[in-house]
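Okay, thanks everyone, I'll keep this short. Have a look at the structure while I talk.

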Amino acid sequence: MSAKISEFLDLWGADIWKAIIETFQMVGISLLISVLIGLPLGVLLVLTRPEKALENKVLFRLLNAVINVIRSIPFIILLFFILPFTKMIAGTTIGVKGVIVPLVVFTAPYIARLMESALLEVDRGVVEAYEAMGVKTRHIIWHVLVRESRSSIVLGLTIATIGLIGATAMAGLVGAGGLGDLAYRYGHLRYEVDVMYVTVFLLIVLVQGLQSFGNSLSARLKKD
Amino acid sequence: MIRLENITKTYKSGETVTKAVDDVSLQVEKGSIYGVIGYSGAGKSTLVRMVNLLERPTDGKVFINDIELTSLSTGKLQKTRQRIGMIFQSFNLLKTGTVHQNIAIPLKLTGVPKKEIEKRVAKYLEIVGLSDKRDAYPSQLSGGQKQRVAIARALAHEPEVLLCDEATSALDPDTTESILALLEQINRDFGITILLITHEMHVVQKICHEVAVMENGKVIEQGRVVDIFSQPATSTAKRFVQSLFQDELPEALVTRLKESGQIVNLSFIGERSGSPALAHVSKKFDVYPSILAGNITQLKDQPFGRLVVHLEGNADETNRAVAFLEESGVVVEGYVQEVEAHVS
C-alpha cells in the first residue's frame, strides 16, 4: 500500500503540487481583485437605490443591467468572448496571467450581488442614527454598512470563492493549469483515473475546508 | 432653542399626495422639555425627524439656536447635527459593537481626539448607570439598558438639544419610568433642551413643561402642560387627558343624575389641590355634591387633581355653586359624555 502511494507520488506528485499552486494563484489573485471591484459595486447598488443616500436612478439601472448581462454568460463562453479585452488588459490571453481577467469579469458582478444582499440586511435605523449624529456618508459605508453586515459578507465571499474554484477548472482551456485541468486532462482524456480521484478528493477537501472556515468566521463575527 | 416655522411635508406616491405635516410652527425654549403627542399617523414622527433634517421639509424653515438648518450645505449640516442628539424607539445601536464601541465609534468619526473619547465614554456610561456593561454587546442587554446606551451615545457628543422619537414606546412601564427619570435628570443637570414625541399622555405628564397635540399633520393645541390638563380645548386633547384619569361614567348613570342637578369636571391645580372648596359649597348653597370619580396626579412641577362631581339641587343653586367654585380658583367644566369611539 505505502509502496503504491510513494510510487504514485513519485509519478504525479510534482504535477499535482504545481496544479495546487496554480489553483491557489488563480483563486487568490482573482478573488482579491474581484472583491476590490465587487464590494464598491455592491455598495453603489445599495446607495443609488431610491430613497438612499446617493439616489441615482440612471446609475442604479445601468449597474443592474450590466451586472445581469455579464452574469447571464456562462464562464466558458465569457472566457473566449472577451479575449480581445483580456489581451488589452493583461497583455496575454494564456497562462495564469491570461485567465485572471475573465475570472474577475465573471466573479466581480457575482460578488457585487452578494454584497448588495448582505448590505441590504443592515437596519436602516442604525444608518439613520449615524446620519443624525453628523457622520459623513463614506464613514457610514465602512463603519456601519460594511461592519454590520460583515457576517453575511464573509458567507457571501465563501460562496463566491467556491464558485471561483469551479470556474478555474475551465482555465485549462487557455493553458492556465490548476487542479480542475489536471483532473480533466490526465484523468478524463488519458484515463489515469487515480489522478482524477486524487484531484477530485483534493478539491472536495478544499471546498469543505473553505466552507467550514467561512461558516465559523461568520458565526464569530455575528454578535446578535 | 428649537424653532419650526410653517413646516410642511408632503409625500407623493403616484397620483396621491399626502400631507404628513401641515404648516406646523412651534418653538421650544432653551432648557425646556417639550412634548408632542398624537395618535399614530398624526405626523409627529415626521415632525421630529424634520428638526435635524433626517426628512427635509417640503416647505418651511427649521432653526436651532438661530441657525437656519434648512439653508445649510451638507458639510455644515453634518457639523450642526453633531450638536443635536437623537434617540429612537428601536435604539439603533451597532449589533457588532460593544457598549464602549457604540459610544466611541461615532465620536471618532466626528473627529473627537482619542483621549477625550475615553474620558467621555467613561463619564456618560457612569451617568446612565452602565459602567459595568462596557464590554457587553447590545444582544446581551435589556431594552432599557439599550436605550441607556443610546442616550449615552447621544450625550457623548455634548449636544444642546436632544430629540426623542418615541424613546419609551418599546419599553415596559417600570423601564419607561426609569428612562423618563434619566431624561429629566439630563435636562436638569446639563440644561439640554429636549423635544420628545410620544403617544402616551403619561410621558407628557411626567416630564414635559409644554406640549403640542397633533392630529392629521397639524398642531391642534399647544401650551403649558398644566393648561392642557385643566382645560383641554379639542376632543383629541380631552381624550389624552381622559386616558390618564379613567373617569368616564356609565351613560345610564349620567342621564339619571342630570335629572336632579348637574355633573361637572373640577380641576385643581397646584396648591389648591388641597383646599376644601367642595366642603364650602355644600355649606353655602342648597346643593349636595357627591363625588363620582376623582384622582390626583403629579405633573412635572405641581400636583394636579381632577374630580367628577354631581351637584344635586335646583338650577339656580347649582349655577351659583359653580360660580363660587370658579371664584375660588377651581377650573369647572360641564361633564360631556364621550360618545365617539376613537380608533388608534
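So, chain B first: the centres of its domain 1 and domain 2 sit 38 Å apart, going by C-alpha atoms. One caveat before I go on: this is a predicted model. Domain 1 of chain B covers 2-240, and domain 2 of chain B covers 246-334. Where the two touch, domain 1 of chain B puts in 10 residues and domain 2 of chain B puts in 8 residues.

What supplies the domain 1 side of that contact in chain B? The largest share comes from α8(B), with 4 residues. If you sort that side of domain 1 of chain B by class, you get 5 nonpolar, 4 polar and 1 charged residues.

Next, helix α3 of chain B, residues 99-109. Which of its residues are buried? They're Val99(B), Asn102(B), Ile103(B), Ala104(B), Ile105(B), Pro106(B) and Leu107(B). And the cover over them comes from both chains: it includes α6 (124-132) and α7 (137-148) of chain A, plus α4 (114-128) and α5 (143-155) of chain B. After α3(B) you run into Gly111(B), with a positive phi near 85 degrees.

On to the cores. The largest nonpolar core has 127 residues, and the members that touch the most others in it are Ile111(A), Ala152(B), Leu163(B), Ile194(B) and Leu195(B). The helix that gives the most to this core is α5 of chain A, residues 95-120, with 16 residues. Take Ile111(A): if you skip the neighbours within four places in sequence, Ile111(A) is in contact with Ser34(A), Val35(A), Gly38(A), Leu39(A) and Ala160(A). Apart from that core there's another one, of 15 residues, including Leu266(B), Val287(B), Val322(B) and Leu325(B).

Last stop, Lys284(B), which is in helix α11 of chain B, residues 277-284. Is Lys284(B) buried or exposed? Exposed, because Lys284(B) has 12 C-beta neighbours inside 10 Å, and the cut-off for exposed is 12 or fewer. If you want a sense of distance, pair Lys284(B) with Arg188(B): they're 96 residues apart in sequence, and C-alpha to C-alpha they're 45 Å apart in space.

Notes
Residues numbered from 1 in each chain as written. Chains lettered and ligands numbered in written order. Predicted model: local features only at pLDDT ≥ 70, side-chain atom pairs only at ≥ 80, totals over all residues. Domains from an automatic or database assignment. Contact = placed C-beta atoms within 7 Å. Helix = DSSP H or I, 4+ residues; strand = E, 2+ residues; numbered from the N terminus. Nonpolar A, V, L, I, M, F, W, Y, C, P; charged D, E, K, R; others polar. Buried ≥ 20, exposed ≤ 12 C-beta atoms within 10 Å, placed from the backbone. Core = buried A, V, L, I, M, F, W, Y, C linked by C-beta atoms within 7 Å.
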